[in-house]
Amino acid sequence: MKKFCVSLFDFFLPRFCAACKLKLGPSESVVCMNCFSEIKLAEPERLREEYARKFQQRKIITDFISLFVFEKEKALQHIIHSLKYENRFNIGLFLGSELGKNFHDLFTGWQIDLIIPVPLHRLKKAERGFNQATYIAKGLSRELKIKYSSQVIKRNRYTESQTTLDMHEREMNMSGAFSLKSTSMIKNKSILLIDDVITTGATITECGKVLIESGAKKVYAASVAIADQI
Ligand SMILES: [Zn+2]
């Protein structure tokens, strides 16, 4: 019956793949099976290397996980582009849910109390309409049955594109970029920070620093994808 309803719905109001823009089949949601199978998974070894390179030294992020590897001009770039610029927030929910399904046991082991999306500056949010990381956090929150809040961290500064800066310069650039709106929700809690793509890790580390300084017990990080540093 459900399948029949989806088919009927698709006939009148077809749904399209967020990557290739072709019509989705009745059993597919958000991304077609073909595109989804082409996205490169982040291998455990790669994740260990990335953790060592991005987070180990600063001792703020206890552990981190990413589902995919971001590749230019490939399916995932198109999917994240649709999420950000075509206001397709259901893509965020879908990606968050995939993250939760794939790493359910790991997240359970981390004993997360609260999920927090990395905030956008209000100007950027106004320009785009919404923060894509919030929808990823929401999808993950539904899957794991752990609450999320986008009301804890505030972004103070509109940081310019960081692509021309090296690692140290990015850290300097991010310093003071975030502050807390509320500390009661994070005191002695284990927090999971969520972003769409992690590149250098400077943004997420800075968010984590603010949380730790205000009394969070542990800060973990997860993203849909990791990207090579440019
Ligand atoms: Zn597709």
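**Sheet and cavities**

Reply: Strands here are DSSP runs (E, at least two residues; helices are H or I, at least four), numbered from the N terminus, and two strands pair if DSSP finds at least two bridges between them. This is a predicted model, where local features need pLDDT of at least 70 and side-chain atom pairs 80 or more, while totals for chains, interfaces and linings use all residues. Residues are numbered from 1 along each chain as its sequence is written, and side-chain values use heavy atoms, without hydrogens and water.

Me: Which residue does Ile 65 stand opposite in S6?

Reply: Ile 65 faces Ala 222 there.

Me: And what's the strand order in the open sheet?

Reply: The 4 strands go S1-S6-S5-S2, with parallel pairing. At the edges are strand S1 (61-69) and strand S2 (114-117), each pairing on one side only.

Me: Which helix packs on the sheet?

Reply: Helix H3 (residues 44-54) does, touching S1, strand S5 (190-198) and S6; contact means heavy atoms within 4.5 Å.

Me: New topic: how many cavities of 30 Å³ or more turn up in the whole structure?

Reply: The search finds 2. A cavity is a set of points on a 1 Å grid over the protein atoms alone where a 1.4 Å probe fits but cannot get out, and lining residues have an atom within 4 Å of a point.

Me: Which residues line the largest cavity?

Reply: Glu 38, Ile 39, Lys 40, Val 69, Glu 71, Lys 74, Ala 75 and Leu 76.

Conventions
Axes fitted to C-alpha atoms, helices over the stretch in contact; angles between N-to-C directions. 1 Å grid on protein atoms, 1.4 Å probe; cavity = no way out; pocket = protein on both sides within 12 Å on 5 of 7 lines; lining within 4 Å. Points joined across faces, edges and corners; volume = space filled by probe spheres on them.
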